[in-house]
Amino acid sequence: MNVERRKVAIFGAAAAVRFLLFTCFPGLPDLLTGRVEISTPVTSFKRLQEGLFLYNHNVSPYDGGVYHQAPILLPLFALLPSSQSWPSMTYLLYILVDILSANALMKIAKSGEGGSSSLYCSPRMGKKWSGYAIAAAFLFNPFTIATCIGRPTSVFTTCAILHAISKAVVGSSFTSMFALSIASYLSMYPVLLFPPLILLCYDRRGPKQQNDSLLSFVSGNVMGVGGFLYSLFHMSYIITGSWEFIESTYGVQLLLPDLTPNVGLWWYFFIEMFDSFRNFFLGVFWLHLSSYVAGLTIRLRRQPLFVIITLLGIFAIFKPYPSISDTSLYLAMLPLYRHVFPLMRYTFLALSTILYATLLGPAFYYLWIYAGSGNANFFYAITLVWSLGLSILVADALFAVLRDEWEVERPEMRGKEIRQI
Amino acid sequence: MWGNKALVAMRLILSLLLLLSAAIPHATASSDYHEQLNLRSLHPSLLLASFNFQSNTSLTSFEQQNFRYFPRSLGQILQHANTRELHLRFSLGRWDAESWGARPWGGAREGGTGVELWAWVEAESDEEADGRWLTLTNALSGLFCASLNFIDSTRTIRPVMSFEPAGNHSSSTLDNLHLLHGTLPREVVCTENLTPFLKLLPCKGKAGISSLLDGHKLFDASWQSMSIDVKPICEPGSSDCQLQITQTIDMVLDLQRSKRPRDNPIPRPVSYEELRCDLSKDYHSHDTCFPLDAAAQEEEWILSHIFGHPLKGTCPLADDGIDPVCINVPHARHVYASEGAHEHKDESGYKRCFALSPDKDFEIILPQQEISEKSPLEQPLLYAERSFIGYGQESGGVQAILTNPSSTNAIEFVYLETLPWFMKLYLHTLKAKINGVEEDIIKEMYYRPALDRKRGTQLEIRILIPANSTVVLTYDFEKAILRYTEYPPDANRGFDIAPAVITIGDIAIRTTSLLLPLPTPDFSMPYNVIILTSTVMALSFGFIYNLLIRRFVAIDEADQWDVRAVRLKVLAVAQKFMSRFLEKRSKDGKDD
């Protein structure tokens, strides 16, 4: 009972904070919706409103350059009362999604997958945070709160990814694959999480599937994901009446026609890129993004959850339209590996770089766009610093986990200086 | 061989000429040409000059390539591109409806700033119509020395509610007609567009009212508009159709400015003797002058000073007996015309026309005169203005203010907006307010959203505006950021947004064009950006790749890389090299 009360207290406090922000500062939601750090062309709430308006007036939202989000969001939001006349319904939906995400995160923490997976048990596993602390760290992270108030649709992807993981750690691969399909359907890039996620499911599979070989297990689930995606696509086809949504949602992520600034590295690179090399570098960037999957999955075979976390961190830096919502997901997952924190070497550097970029980013954007006293390079430089800070954090956490694994092999090396050869 | 061919061609031409001359007496009956210049003074020192040139040709002779008064160059383009009706406009400046009243021709011959073209093209399918439109724009581009070939798919729309065919088309062709509309708001209309325009006239600017037209004066005007309209006119109930081409030029000249001599065009301070001061002011003295209010005084002007040269007789082809020059001033105003011209005064009391002597120069002189009577200004149907709202280079809004000045009549109109793709319109923010109250006054709407780099936005709204009311339309948009090669050389000047077209029945009035500043990247550093971004990516890839493929060892197990080890290694390499070198030298010595 006490446990339930703590959970309710955390969720209630998080919901209250968000609701207060929504209601006490009526201008805040629209202000944050307009921020490029929160809303990207593929997640913006304002663009969703436009798509919804066109959808309600029988104009195909995909026959235009504004709406690039998944078709299923249209009937979903059409069912809600209009966000202009009844904004509180939309607020409640976004608060609910955040709490569902936190709940899933809590389940992952409770499973103890972070400290001891089925193939590996960390010597430091005792040192961990409770699920409540982890959920609170997610819910009260300013990035998460800002994302919730700004209402981008990336929160649905976040929720789906967290649910996919929370189902995988209890071994229900079917539900997990379903959640992963929804996440991939909403934003495409989560499909890259399939290899580590399927290994996580395999490691935690139930007694019924105990005799399945890895190959048959994987192929079964590949077909499952394929089936889910196909049915989602077909449903979208029925909703919109044509297949043009594929080009307008996934095509935009692949080919980057919309160069609106964001916290990532792609937009300025492709503004300045020479026309003849644009397609080549689009290929290189996507290849770079997906190249991490195989390497990390193989090297960290014993800790697939950490592969997922690291990949989420990498996506938050290198995907075409990243936002602080992706960063907040990575920062929410990282405390699951609380026990390796003492092994990290550059936490201070990484965190202060991220803090520096967080504070200076909006200022430099203002100087460029509104004051006119700075140019595009100001904001671009800050996105470079932000990306560098995050990648130091990701690499450092990876180092800590690898060192943790290594110390199982050589327990005598605990606390000693090491080097890589 | 060549001579032979030329001879055959000559014979052909001769026989054609013979045929033509036989056809002319017949043709004169059905084709005519007339031209007229209307002058009207506006506000204290402005003069509106409207030139109108119109010629008809029968459709049958047009189809047989017998053009007569119809310009051959344009006629062949129309035939080649299967264009049944054409409207082309070149305009500059802003018509100040508040003080100048209704537009010339009620707005029917007006275009938006820059170049505007719309045409009804006959084609079986949309693709074929697009092809013919491309042919048409490219050919017209060559003919008028304008960048009409830049009217591509992003600048072309197919209006649904705006624009009605002005000509009479048979119902069978009407089904296959495609209306296409394109604008170039950035095009600067210039002398090079006037010269081909004049060449289309039968008298080519050598005689008649067209001899007044001069690029220096026309493009120095406060507002000017050149138009070409080609449309078929059929008598109801008969199959006898005419093809009519109407060319007009309207300009609002600043009298002060036009009178400035061409050899001394720079305005200089007026010398003390020429200053016209208000002597009634008590502070007036030899070094203080309050300018005299000249509103009650009608300015003095002479036709040849205003246009740079006198009117050179009449165009002999305009033989329909219509007086070629008219001036709209009260009868009380003194107007002196040159010898040989006959003045005809209109009953309205505000208009007089002149019949010219065919081969003499014509001149009008209006002396300075104090006169309280003014010719009345016609009230426009609708006042329209449009501007940007909001600030910053990220997003903004557009506000259009439309006022119906009539105290009795409601007006229904279609508001057409053509926006470039990089101005991302949010239609859900479109709001219409009538007299400050938000009301649902939009009767009908057609919206075609923009596609990045493929087509622009097309928005048509039908609104009924009650008498004596003001409608304010607002909507939000977001500014896209472009690839750096997509910016023009003067990127920070901004991008021109085509005027909104307001169609009221068969006339169309325009707002001014707008200048949209977009956020710009730094154009000087593509290499730096490529290098810096790649560095960050390489760094993080390097971090992770290193961690994934290298082994951990304790620090004392690894090779020591201290200074001593390096020194020893370098020493060893040096010794080895030295010993080899010495060995070789001693060998060489033996050989000697």
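**Figure 1. Surroundings of B:Tyr415 in the predicted model.** Leaving aside residues up to four places away in sequence, B:Tyr415 touches B:Ala400, B:Ile461, B:Ile463, B:Leu473, B:Ala500 and B:Ile502; contact requires C-beta atoms, placed from the backbone, within 7 Å. Residues are numbered from 1 along each chain as its sequence is written, and chains are lettered from A in the order in which they are written. In this predicted model local features need pLDDT of at least 70, side-chain atom pairs count only at pLDDT 80 or more, and totals for chains, interfaces and linings use all residues.

**Figure 2. The largest nonpolar core.** A:Leu105, A:Leu197 and B:Tyr415 touch the most other members of this 165-residue core. Helix H18 of chain A (residues 376–409) gives the largest share, 16 residues. The core lies between domain 2 (383–516) and domain 3 (526–583) of chain B, because both give residues to it; the domain bounds come from an automatic or database assignment. A nonpolar core is a set of buried Ala, Val, Leu, Ile, Met, Phe, Trp, Tyr and Cys residues joined through C-beta atoms within 7 Å, where buried means 20 or more other C-beta atoms within 10 Å of a residue's own.

Technical notes
A residue is buried if 20 or more other C-beta atoms lie within 10 Å of its own, exposed if 12 or fewer, and partly exposed in between; C-beta atoms are placed from the backbone. Helices (H or I, at least four residues) and strands (E, at least two) are DSSP runs, numbered from the N terminus. Two residues are in contact if their C-beta atoms, placed from the backbone, lie within 7 Å.
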